[in-house]
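Dear colleague,

Please find below the structure that I was asked to pass on to you. I would be grateful if you kept it open while reading the notes that come after it.

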Amino acid sequence: MSRGPGRLIQNVTQFADAQFKQFSTHHGQKVIDILDFPIKVVLSPFTLAFDIAGSAPRGFGIPELISKISYLSVFAVATLGTYDIALDLGKKVICQRDCKTCNGWQALRCTMCKGTGNVHYQIKDYNLRSGEKPTADCVADAIVDNRAELVHFPSSLNLTAPLPTKDCPTCDGTGVMSCTECKNKLQVRISADDIMEPPWKAYNVLRKMDYPYEHIVHSMKDPSIANFWLITLPQIVGGFDYDEDVKKKIWLQYEESMRYDQLRDLVAKRNPGWEYMQDALFSIDPVRAQEDPVIVKNVPFYKAKKALEAEVTKLNPPPRPQNWGELNLPLNTSSWSEEDLKNPAKLYEKTVLLNAQREISDKILDAQWEAKWRQEKVEEMLEEKVRPFIQDSSMSVLPQPILLKSQKNNQKGNRQRKWWFF
């Protein structure tokens, strides 16, 4: 039994030696050449310079100095040139990873906050200390101490209730998140495609370019002009021959894309019922409607403010105070010299122009004073209307939209009643 393992080791050793000799006989020189190639590339500037310079004829005295200078110059040029070619090829072979998602930036705009860095949130559950009420300060301390569970809402949602905001947890408040395709991957690729610049790369860049056709987009609101851009122009320039079915499909797509713009124009006029029309805009294109400046986020506040503005416009503003406002007037008394004033026509011209300038400047200042007074009056009345509804946030309990009803507390209460009953 003691000889079994020894014979097994001896047989394995003999088999390994035979396989190694067979591999060395058939492939040994190829492996040596492959491993020796990088060393030859690195030492090629020195060997090449020695070969070139060694073949140069040498002499004594000045010819020997010239031969040494030529030797050094050939050595320097060969070394620098070889290394430059090697580095250039290395940069093209070992290049940056080509990501189709982020185009090499390794970052994207955050999908949670849409680049703003802030998101709305609700408080789903919280753990307060003994004796504390769910006030704003106590709940804020619970959030800071990680004793509260939050529910974050993306910016694409249209929230009717006002909610607090905090830094986006996806991008840490920067508005930029890392690319999902490039994350935890080596940003280097080895490829020989960049050694020669293929012509189709420039063609792909040209094909992806988006030219500024704002005037065309604006003119597309007219159906006759849209018919020219969508159907007539491709038939004339591109030689396309559209069937009637294709023309109907193109025109249906045009009408579908113009529904939002047509409805938006009606909302901008603020005719009765515009608040229901802007709800329809969210159903057509919620992403565009979220960032549209025409859409009013808080409709009741907007209507109340417009009612106050209409009420203020009926009021008569007080007279403008003396020396209120400044205007850079083009004319003054120094615009005419003393010699000009000796002429009665020039003196009459000065009087007429200065009086007209004073009347125009007074009207401009009166309009500015009236606009400023009405704006301040609206803000003052708005503050008077809102002040009775303002509460101290440090002492009052947070409202229902911000603070959700905790199910854990209800379960604890039920358990206590069961134990007491038992």
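The following paragraphs set out what was found.

Please bear in mind that this is a predicted model. The protein has 422 residues, of which 20% are buried. Its secondary structure consists of 13 helices and seven strands. Of the contacts with a separation of 6 or more, 71% are between residues 24 or more positions apart.

The largest nonpolar core is made up of eleven residues, including Tyr260, Leu263, Val267, Trp274, Phe282 and Val299. Helix H7 (244–268) and helix H8 (274–284) each supply at least two residues of this core. Beyond its neighbours within four places in sequence, Trp274 is in contact with Val267, Val296, Val299, Tyr302 and Lys303. In soluble globular proteins, nonpolar side chains tend to be buried together.

A last point concerns the cysteines. How many disulfides does a search of the whole structure find? The search finds zero. A disulfide requires sulfur atoms within 2.5 Å. The closest cysteine sulfur to that of Cys113 belongs to Cys171 and is 3.6 Å away, which is too far for a bond. Cys113 is buried, its relative accessible area being 0%. Cys179 is likewise in no disulfide, as the nearest cysteine sulfur, in Cys102, is 3.7 Å away. Cys179 is buried, with a relative accessible area of 1%.

Yours sincerely,
A colleague

Conventions: Residues are numbered from 1 along each chain as its sequence is written. This is a predicted model: local features need pLDDT of at least 70, side-chain atom pairs count only at pLDDT 80 or more; totals for chains, interfaces and linings use all residues. Side-chain values use heavy atoms; hydrogens and water are left out. A nonpolar core is a set of buried Ala, Val, Leu, Ile, Met, Phe, Trp, Tyr and Cys residues joined through side-chain atoms within 4.5 Å. Buried means under 20% relative accessible area, exposed over 50%, partly exposed in between (1.4 Å probe, protein chains only). Helices (H or I, at least four residues) and strands (E, at least two) are DSSP runs, numbered from the N terminus. Contact means heavy atoms within 4.5 Å.
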